[in-house]
Amino acid sequence: MALKDKCPPRQPGKKSTNRPDDAFELWLKRGLHQLFDDVTREPVPEELLRLIEEDRKRTK
């Protein structure tokens, strides 16, 4: 999947001005995707799911 498919579209009405900030944002998004895409695809550990469920029951 291409990076452009992963990134959210620009907000409607927001003009692209090709400022230096835009280049930094693109660089940052690419870097974060390279570092963390594999991690986000991993399943959530059962122990963490159990702790979340216990907390939900306790706070109700």
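## Aromatic pair and surface of the chain

Being three residues apart in helix α2 (residues 20-41), Phe24 and Trp27 are separated by about one helical turn. The model is predicted: local features need pLDDT of at least 70 and side-chain atom pairs pLDDT 80 or more, whereas totals for chains, interfaces and linings use all residues. Residues are numbered from 1 along each chain as its sequence is written, and side-chain values use heavy atoms, without hydrogens and water.

The chain has three helices and zero strands (DSSP runs, numbered from the N terminus: H or I of at least four residues for helices, E of at least two for strands). Along the sequence the pattern is α-α-α.

The structure contains one aromatic pair. The ring centres of Phe24 and Trp27 lie 5.6 Å apart with planes at 35°, so the pair is tilted (centres within 6.5 Å; under 30 degrees is stacked, over 60 edge-to-face, the rest tilted).

Of the 60 residues in the chain, 5% are buried (under 20% relative accessible area; exposed is over 50%, partly exposed in between, with a 1.4 Å probe and protein chains only).

| Residue | Relative accessible area | Class |
|---|---|---|
| Phe24 | 46% | partly exposed |
| Trp27 | 57% | exposed |
| Phe36 | 45% | partly exposed |

Phe36 also belongs to helix α2. Phe24, Trp27, Leu28, Leu32, Leu35, Phe36 and Val39 make a nonpolar surface patch of about 730 Å² (residues with over 30% relative accessible area and no salt bridge, nonpolar side chains being joined within 5 Å; a salt bridge is a Lys or Arg side-chain nitrogen within 4 Å of an Asp or Glu carboxyl oxygen).

Technical notes:
Rings of Phe, Tyr and Trp (its six-membered ring) pair if their centres lie within 6.5 Å; planes under 30 degrees apart count as stacked, over 60 as edge-to-face and the rest as tilted. Patches are made of residues with over 30% relative accessible area and no salt bridge: like charges are joined within 9 Å, nonpolar side chains (Val, Leu, Ile, Met, Phe, Trp, Tyr) within 5 Å. Accessible areas come from the Shrake-Rupley method with a 1.4 Å probe; for residues, only the protein chains shown count as cover.
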